[in-house]
Amino acid sequence: KTRPNGTSAERLRITSDGRGLSQFTAKAWIRVDMSNMSVPDSHNVSTIVDVATGQARVNFSTVPANSSYNISTSAVAGYIAGHSNINQGSFYLRVSDTNGSAADADYGMALVFGD
């Protein structure tokens, strides 16, 4: 597509492996059962590492263009999810109970958007 100023802008690119790349498609997402570090489903996640109680390092299959991506997190009822240690190749998914104590909840989830 050509912009009014004559420059072109790629809006959506489909890769040979079927992934859609754009500013409006998720770069990665994951659902982790933190009690046993199993992953029922994910997208663009190569591995997870059990760091400590309530902490998992999520490693990307295809690394984002930079570490300025956005992460949205959630957990099952009765737990709070967050993130930290953001870098270009991975981030930490953290889960705690409502008292703020780290906990291995049944599910912690993350959704990543960015370049």
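How many bridges join β3 to β10, and do the two strands run parallel or antiparallel? Keep that in mind as you open the structure, which is a predicted model.

**Stop 1: the sheet with β3 and β10**

Select β3 (28-33) and β10 (108-113). Five bridges join β3 to β10, and the two run antiparallel. For one of the pairs, pick Ile30, whose bridge partner in β10 is Ala110.

Now widen the selection to the whole sheet. Four strands make an open sheet here, in the order β4-β3-β10-β7, with antiparallel pairing.

**Stop 2**

Start with β5 (45-52) and β6 (55-60). Six bridges join β5 to β6 in antiparallel fashion, and the bridge partner of Ile48 in β6 is Val58. The two strands form a hairpin with two residues between them, and Gly54 in the turn has a positive phi of about 70°.

Stay on Val58 and look to the other side of the pairing list: Val58 stands opposite Phe91 in β9. Five bridges join β6 to β9, which run antiparallel.

Ala81 has Val95 as its bridge partner in β9. This pair is a hairpin too, with five residues between the strands; in the turn, Asn85 has a positive phi of about 50°.

**Stop 3**

Select Ser90, which has its place in strand β9. Is Ser90 buried or exposed? Its relative accessibility is 7%, so Ser90 counts as buried. Show what surrounds Ser90: leaving out residues up to four places away in sequence, it touches Arg57, Val58, Asn59, Phe60, Tyr69 and Asn85. Asn85 is the turn residue with the positive phi.

Then move along to Ser96, also in strand β9. Ser96 is buried as well, with a relative accessible area of 17%, which is under the 20% cut-off for that label. With the sequence neighbours again left out up to four places away, Ser96 touches Tyr79, Ile80, Ser101, Ala102 and Ala103.

**Stop 4**

Finish inside. In soluble globular proteins, nonpolar side chains tend to be buried together. Here the largest nonpolar core has 18 residues, and those with the most contacts inside it are Ile30, Val32, Ile48, Val58, Phe91 and Val112. Two or more residues of this core come from each of β3, β5, β6, β9 and β10.

Which residues does Val32 touch? Beyond residues up to four places away in sequence, Val32 touches Met37, Ser38, Val39, Ile48, Leu93, Asp106, Tyr107 and Gly108. Show Val32 together with Ile48: they are in contact, and both are among the core residues with the most contacts.

How values were computed. Residues are numbered from 1 along each chain as its sequence is written. This is a predicted model: local features need pLDDT of at least 70, side-chain atom pairs count only at pLDDT 80 or more; totals for chains, interfaces and linings use all residues. Side-chain values use heavy atoms; hydrogens and water are left out. A nonpolar core is a set of buried Ala, Val, Leu, Ile, Met, Phe, Trp, Tyr and Cys residues joined through side-chain atoms within 4.5 Å. Buried means under 20% relative accessible area, exposed over 50%, partly exposed in between (1.4 Å probe, protein chains only). Contact means heavy atoms within 4.5 Å. Two strands pair if DSSP finds at least two bridges between them.
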